Amino acid sequence: MAEFTIYPEFDGTLRALTWDGTSMQNAHDRLRAGDDNLQEHTTNGTLEASYTLIDNSGEGYGFIYRPYLKFDTSVLSGEEPVSVDLVLTTQDVNNAPHGQYVVAFNPTTTTQPVGTDEYDNYGSTSFAYYSITSIADTEYTISLNQGGIDEVDPSGDTFYGIRHWRDFTDSCPTVDTGTDNDYYASEQAGTDKDPHLVVTTADGGGTGFMAMF
C-alpha cells in the first residue's frame, strides 16, 4: 500500500445571492437554482461555506456559498485508490454546529476561474457528511465513501465540492438562519492549514508521496 498527500492545484467558492419579494421559500429555491447574482471568489485566501436566509417582513433575502477544489491526482500513476480523506481546517466559524456534505463538482473547464455558470454542476449525491463545531482553527479529516473514492481520476484531475446541509437537503428554514464557516484555502502561506487529500492505494505505484500545488 502507498499513501499520497495531494494539495489542490486551485480552489475557490461560487456564491448565489438573492432578494425575493414573495417568500423565504421562493428565496431558498432561487438560491439553490442560482437564479440571481452569481459570483466567484478565488483569491481571498479562504473557502467560504455557508447558508443564510432572512425574513424581511415576508420577503426572503439570503445567500449560499459552495466551495470547490481541484486536485491533480495523476501522481497516482493510474493506481486505483482504496481510501480517500479530504482534510480541511476551519478559519472562522459562526453559529455552529452545522453540517456540510462533500459532493462531486463537475465543471466544464479545468482552469480557474471556473466561471459562475458552473454553479449548477455541484453533485446531489453525498460522498461524506460531517458536522462543524464552534471552534475555529480545527482540522477535519473527512473520510469519503465509495462514491467519493470512485470520483478520483488516478491519471488526471479530480474535483470535489462542498454544500451546506440546507442547500444539499433542500431544507428551507422557517425562521432567520445564518450558519457559515471559512476554511483555509491553498493561497495561505505554507501548507500546514491548506486543504488536501490523503489517498491510499492498494499497490505501491505512483510518482511520489506528495504532490504540491
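Tutor: First, some ground rules. This is a predicted model, where local features need pLDDT of at least 70, side-chain atom pairs count only at pLDDT 80 or more, and totals for chains, interfaces and linings use all residues. Residues are numbered from 1 along each chain as its sequence is written, and side-chain values use heavy atoms, with hydrogens and water left out.

Student: Why is the link between lysine 70 and glutamate 9 called a salt bridge?

Tutor: The rule asks for a side-chain nitrogen of Lys or Arg within 4 Å of a carboxyl oxygen of Asp or Glu. For lysine 70 and glutamate 9, the closest N and O atoms are 2.8 Å apart, so the pair meets the definition. It joins distant parts of the chain: lysine 70 sits in strand E5 (residues 59–72) and glutamate 9 in strand E2 (residues 8–20), 61 residues apart. Helices (H or I, at least four residues) and strands (E, at least two) are DSSP runs, numbered from the N terminus.

Student: Is lysine 70 buried or exposed?

Tutor: Buried means under 20% relative accessible area, exposed over 50%, and partly exposed in between, using a 1.4 Å probe and protein chains only. Lysine 70 has 5%, so it counts as buried. Glutamate 9 has 38%, so it is partly exposed.

Student: What makes aspartate 170 and arginine 32 a salt bridge?

Tutor: Their closest N and O atoms are 3.5 Å apart, so the pair passes the distance rule. Aspartate 170 is in the loop between helix H3 (165–169) and strand E11 (177–184), while arginine 32 is in helix H1 (residues 24–33), so the bridge ties together parts 138 residues apart in sequence. Aspartate 170 is partly exposed at 41%, and arginine 32 is partly exposed at 24%. Both belong to a network of salt bridges linking Arg32, Arg66, Arg163, Asp167 and Asp170.

Student: How many salt bridges are there by this rule?

Tutor: The count is eight. Another pair is lysine 193 and aspartate 137, at 2.9 Å from N to O.

Student: How do you know that glutamate 48 has no salt bridge?

Tutor: Glutamate 48 is buried, and the nearest side chain of opposite charge, arginine 15, is 7.4 Å away. For charge, Lys and Arg count as positive and Asp and Glu as negative, while His and the chain ends are not counted.

Student: What does the side chain of glutamate 48 make a polar contact with?

Tutor: With the side chain of histidine 41, at 3.1 Å. A polar contact is a pair of N or O atoms within 3.5 Å; within protein, one must be able to donate a hydrogen and the other to accept it, and residues adjacent in sequence count only if both atoms are side-chain atoms. Glutamate 48 itself is in strand E4 (residues 46–56).

Student: Which other glutamate is buried yet has no salt bridge?

Tutor: Glutamate 118, whose nearest side chain of opposite charge, arginine 66, is 10 Å away. Glutamate 118 lies in the loop between strand E7 (98–104) and E8.

Student: What makes a set of residues a nonpolar core?

Tutor: They are buried Ala, Val, Leu, Ile, Met, Phe, Trp, Tyr and Cys residues joined through side-chain atoms within 4.5 Å. The largest core has 30 residues, and Val102, Leu144 and Tyr160 touch the most other members. Its largest share, four residues, comes from strand E6 (residues 81–94). A second, separate core of 19 residues includes Leu53, Ile64, Tyr101 and Phe168.

Student: Why are tyrosine 101 and phenylalanine 168 called stacked?

Tutor: Rings of Phe, Tyr and Trp (its six-membered ring) pair if their centres lie within 6.5 Å; planes under 30 degrees apart count as stacked, over 60 as edge-to-face and the rest as tilted. Here the centres are 4.0 Å apart and the planes at 15 degrees, so the pair is stacked. Both residues are buried.

Student: And what makes tyrosine 130 and tyrosine 140 tilted?

Tutor: Their ring centres are 6.3 Å apart and their planes at 45 degrees, so that pair is tilted. Across the whole structure, the search finds eleven aromatic pairs.
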